[in-house]
Protein chains: 4
Amino acid sequence: MNKIKIGVIGAGRIGKIHADNLRRIPQAEIIAVSDLYGGEELQAWAEQRGIPTVTQDSEAILSNPEIDAVFICSSTDTHVDLIKRAAARGKHIFCEKPVSMDIRQTEEAVEAVRKAGVQLQIGFNRRFDHNFKRLREHVQAGEIGSPHLIKITSRDPEPPPEAYLKVSGGIFMDMMIHDFDMARFLCGSEVDEVFAQGSVLVDPVFAQYGDVDTAIVTLRFANGALGLIDGSRRAVYGYDQRAEVFGSKGSVSVANDFPSTAVITTGNGTRSEKPLHFFLERYQGAYIDETEQFIDCLLHGKSVPVNGNDGRQAERIAWAAKLSHQERRIVKLSELKEFE
Amino acid sequence: MNKIKIGVIGAGRIGKIHADNLRRIPQAEIIAVSDLYGGEELQAWAEQRGIPTVTQDSEAILSNPEIDAVFICSSTDTHVDLIKRAAARGKHIFCEKPVSMDIRQTEEAVEAVRKAGVQLQIGFNRRFDHNFKRLREHVQAGEIGSPHLIKITSRDPEPPPEAYLKVSGGIFMDMMIHDFDMARFLCGSEVDEVFAQGSVLVDPVFAQYGDVDTAIVTLRFANGALGLIDGSRRAVYGYDQRAEVFGSKGSVSVANDFPSTAVITTGNGTRSEKPLHFFLERYQGAYIDETEQFIDCLLHGKSVPVNGNDGRQAERIAWAAKLSHQERRIVKLSELKEFE
Amino acid sequence: MNKIKIGVIGAGRIGKIHADNLRRIPQAEIIAVSDLYGGEELQAWAEQRGIPTVTQDSEAILSNPEIDAVFICSSTDTHVDLIKRAAARGKHIFCEKPVSMDIRQTEEAVEAVRKAGVQLQIGFNRRFDHNFKRLREHVQAGEIGSPHLIKITSRDPEPPPEAYLKVSGGIFMDMMIHDFDMARFLCGSEVDEVFAQGSVLVDPVFAQYGDVDTAIVTLRFANGALGLIDGSRRAVYGYDQRAEVFGSKGSVSVANDFPSTAVITTGNGTRSEKPLHFFLERYQGAYIDETEQFIDCLLHGKSVPVNGNDGRQAERIAWAAKLSHQERRIVKLSELKEFE
Amino acid sequence: MNKIKIGVIGAGRIGKIHADNLRRIPQAEIIAVSDLYGGEELQAWAEQRGIPTVTQDSEAILSNPEIDAVFICSSTDTHVDLIKRAAARGKHIFCEKPVSMDIRQTEEAVEAVRKAGVQLQIGFNRRFDHNFKRLREHVQAGEIGSPHLIKITSRDPEPPPEAYLKVSGGIFMDMMIHDFDMARFLCGSEVDEVFAQGSVLVDPVFAQYGDVDTAIVTLRFANGALGLIDGSRRAVYGYDQRAEVFGSKGSVSVANDFPSTAVITTGNGTRSEKPLHFFLERYQGAYIDETEQFIDCLLHGKSVPVNGNDGRQAERIAWAAKLSHQERRIVKLSELKEFE
């Protein structure tokens, strides 16, 4: 196998980003794309890129024997079914997060992948960000000794549209799931306990859906380390994604990226820019890297860097956070066994 | 009254710092100092500074009709008694934190001060730090809108000696009480709920005293804002005291101070200094300012900037944090009423 | 014209970079590439990219009627002849800096372009860098008032190979010509006087070629502003490219870019990364932008953003700097008229 | 000698600053102060500080046998005479910069001091600044290898009053003399050649006095290193004093100090403070340190850290800069011999 043939299922914003990133990789070739709502616009988009097949039916992709791997970029409620069907056809899978909003279903999908012996990579793109990657390298190299505190800031520039809120799964599952994965990634230890609190401070519409727009989650890891995550649906100054790991030998942190390094000082003070505005700018490089690594792993028979278990663990933490917030108490991850 | 005559009770490290700062103020004059363990060394120290009276008996200070105000810098277990006695003699009081480790006793001391009509300033020095003061000014000026998240980092460079651990009152009362005061100071709203978790990661000796060396505390304020505080007894790189307030219109944060701005870049990377090592360096200016403001308030009949109620509220939060940590649950400050 | 057909002349490092950047632009198509030393390796490289024609003879490109524009990326001594021949065939031209090392020849090339009515863009890539571009925008927007001082730091990570030194034209023409263009770009005024001093501090080999490896150049602009440029052939920590413009209302500066924002603080101090190592990393985005703008200007009949006169003026300053250094005196740009 | 008795000559702004700093030192005692214009205000000032003698006649101080050392803080034109007379009486001397505006006279004063065997410290306060001191320590420790480039930024927040301009000696002697001393201090090598250029960009009044308000000076040091200094009489954002030393192994730089570390990010960008506004704030600690070191050297018979030769060398560079600016040419310091 020296060229991976790919089908993309779901050609919304993120599906198209993955497609364009795949086109930069000489060893990858997109041969089909499917989208339930794909019409003329998608047809034109595919033609411009030399993608021969455009369909509304994902089955046309899953049953195509030429296809080695699929990118599942459709809505979350379709993931589990698509993963199972793709795995059954022996196709490798890249799936956007979360796998599902039901721990048992995610477990089934991961199990199906395991049985089929295919690879499943979950789209936790932040692991590939130049800042977070370096942060983790420092932690793993022992630069700050044993981790004691993991701190993550995670703030979106603006809330999603109300229509999306209804199906988002809530702040913990939809937004902070990235941070739960990041916490595991940075700490190098599994989460034992979760405590969450939230407030509706940005927009009362969140309360209508039983959701919150501002939340803090604390974690206790198996190794005794503690985690603190703060999340907000609206940071007016743009995307705010930072982290710090504090340990026995020191501390390492990463800050936001900015459009330029320009600093102006006048009689009114010192000014510089806002952070990069949203995930498309901030994680542009990370999206490219996660795609390249996926293809590279398939080509060389290596294990993918973020697998089904990573997807599952982050969902379990999100689930625990939701429960903790509802019941106003510490939730141990071991409690979730009953749901699995 | 155009010169305040002062007696200093307790001439340990912090008592001597206050004394030297008072000596810089032309309108203040220290006329007596007492210390239970004061011997020749203290005598010499006082002579060098032209302080006429040195005694081992605090009563000699409290009963001196010439003295307008006392600085209570003795051990925490003596504070309540000294405050009551000083108030009864009509003396204004500057008292180090905490007032006591018992909410009822603190309440009694504050009440005695109220009845006597004297002023009581609590030694929450960080409120006078150039960084935290500016941070609060920005919040109060509405620069970041309504506060949504208050984040405080509070790490000491090294744990206190074991002998002190036994009587320290634990990490929440001894160390993080400063942060609880800071949270109120920055948010401009009272705390409703407290949740705390801790670990023993720095030194097992903490476990022997039922204490922890690493802790996180989350707060819910009356205005809905959420707070996150992380504390450690040992940051090997020095004193780490930072804060951020995030709100509806933006975010404001303050960082540590450093010995110099020097930055070296070589083939091995970029290097700069560690933060100022301990509170004596970091808060040197803050100690001077709190003393000057205390004297200024007495001279001009103004209310002191940090009063008995501030001391009491911070202790209530510390108490709630301790209870939360023990009982592994959210503690509402209203629950503490039964102890008061 | 809705697609620009391009021939690339000279397929060394920079020629290949331009080619790969052109391939990202849907409205550009490379249809031929020539290189004097192009063999099998170049053939393979072109095939992989779907470039149909590979030749050793630039004439095959210049005489190809299908080609709308050429990228001249061959050695400096070939530029003037190629520009003249390309202009004579009515082809638009993108030419790497400098046009030549002889002011009269450059003048002739610029004149040939003018007469032919084609466009000539000079490869002053730094104008397109996100930092320098923003710096200039601030200056042009009047944020810092009238410019008084223009300061530019320009240091390479390591000297070029000795073979190149012989033909480089010296530090002023080869390396600092970028800074002379930047000075004009930032100040918005032409240079009147130049003063230069140099030392051989990095490697004695520079002295053998009558060159220096460390140099400072001061400029006086027509508007009275003063400029200071410092250059070095070896900054062991990587590429160091910064600038500041100070004026009547304030100052604006830009710093280097770094691989990540990671900062580690330990008992030994605070550490972060070195700047991006060389121009390929630092100016990756700038190379893409200058290419896109060139194509965009051709497509829409707009004037290119860096034209032949910009190339000529930077060369005149370089020439003056060289003369100043040799004769140890201020050189007025008006003196150069006799050479033109 | 365990207490140094001091007379202060000249009780303007800087004289009073030195006096207040001396009062913090237990081993120093000011017993007399003289000022030509000293009236009631000075009398009151001295009384408040317990200084017994106030006089208008410097002779009363110079002839007082009790006095060990004098602080010469009167106008520049009185320095040489006062130094000679103080030296003749065997008194140690702290003298503000510059010693004089005439190289021969400064030479005579330094010679008189040498013959009398007393100590003379020049008020180059910046050497004692926490940033510049650390910068030099790094250079001396070899952290950046051999120095290649010394860069100094020196900008005042606002021009002096016109009355002062007439007698200031011009930008090179009055303001940039500090930078010339800093250049020697940082490089660890003497200056060989000076080149200066200036412009009148801030206020046309400077032209009336044959002065400039914006200047750049380049230096060539004996060790081959090159220096660049830029100076302005008005940086609207406050005092701007930075430096960088670049060498064979790297670069080290120091930045300005700020009132606080507060940073606000809103929808309009990121804001922080202006630098500390003027030398009184920025160099507060440096003034204290230079005074303490002077007293310490006298007490322990050590050589003062900035001596008459340092004063003389900086003046020679200033002189050369002035000449270079006037004659528009490189001036070698060796040329000045004829004036000495």
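**Before you click**

This is a predicted model, in which local features need pLDDT of at least 70 and side-chain atom pairs count only at pLDDT 80 or more, while totals for chains, interfaces and linings use all residues. Residues are numbered from 1 along each chain as its sequence is written, chains are lettered from A and ligands numbered from 1 in the order in which they are written, and side-chain values use heavy atoms, with hydrogens and water left out.

**Stop 1: chains B and D**

Select chains B and D. Copies are superposed by least squares on the C-alpha atoms of residues with pLDDT of at least 70 in both. Contact means heavy atoms within 4.5 Å.

**Stop 2: chains A and B**

Chain B is superposed on chain A by a rotation of 180 degrees with 0.0 Å of shift along the axis, at an RMSD of 0.1 Å. Which residue of chain B comes closest to the rotation axis? Select B:Arg329, whose C-alpha is 3.0 Å from the axis. Here too the same surface serves both copies, and 100% of the contact residues of chain B recur in chain A.

B:Arg328 sits in the loop between α13 (308-327) and β15 (331-332) of chain B. Helices (H or I, at least four residues) and strands (E, at least two) are DSSP runs, numbered from the N terminus.

**Stop 3: the sheet of chain D**

Show chain D as a cartoon. Look for an open sheet of 6 strands in the order β3-β2-β1-β4-β5-β6, with parallel pairing. Two strands pair if DSSP finds at least two bridges between them. The edge strands are β3 (53-55) and β6 (120-122) of chain D, and each pairs on one side only. From one strand to the next, the twist averages 20 degrees.

Zoom in on β1 (residues 4-9) and β2 (residues 28-34) of chain D. They run parallel and are joined by 6 bridges. Select D:Lys5 to find D:Glu29 of β2(D) opposite.

**Stop 4: a helix across the sheet in chain B**

Move to chain B. Its open sheet of 6 strands has the order β3-β2-β1-β4-β5-β6, again with parallel pairing. In this chain, B:Gly7 stands opposite B:Ala32 in β2(B). Next select helix α12 (residues 284-300) of chain B. This helix lies across β1, β2, β4 (69-72), β5 (92-95) and β6 of chain B, and runs at about 165 degrees to β5(B). Axes are lines fitted to C-alpha atoms, for helices over the stretch in contact, and angles run from 0 to 180 degrees between N-to-C directions.

**Stop 5: two helices in chain A**

Select α1 (residues 13-23) and α12 (residues 284-300) of chain A. Their axes come within 9 Å and cross at roughly 65 degrees. Show side chains for the contact: A:Ile14, A:Ile17, A:His18, A:Asn21 and A:Leu22 from α1(A), and A:Tyr287, A:Ile288, A:Glu290, A:Thr291 and A:Ile295 from α12(A).

**Stop 6: a cis peptide in chain A**

Select A:Lys97 and A:Pro98. The peptide bond that joins them is cis, with omega about -15 degrees. A:Pro98 is in the loop between β5 (92-95) and α5 (103-116) of chain A.

**Stop 7: the UniProt spans**

Then color residues 132-252 of chain A. UniProt's unreviewed entry places "domain: GFO/IDH/MocA-like oxidoreductase" there. This stretch is 29% helix and 36% strand, with end C-alpha atoms 11 Å apart. UniProt positions are given in the numbering used here, feature names are shortened, and annotations may be inferred rather than shown by experiment.
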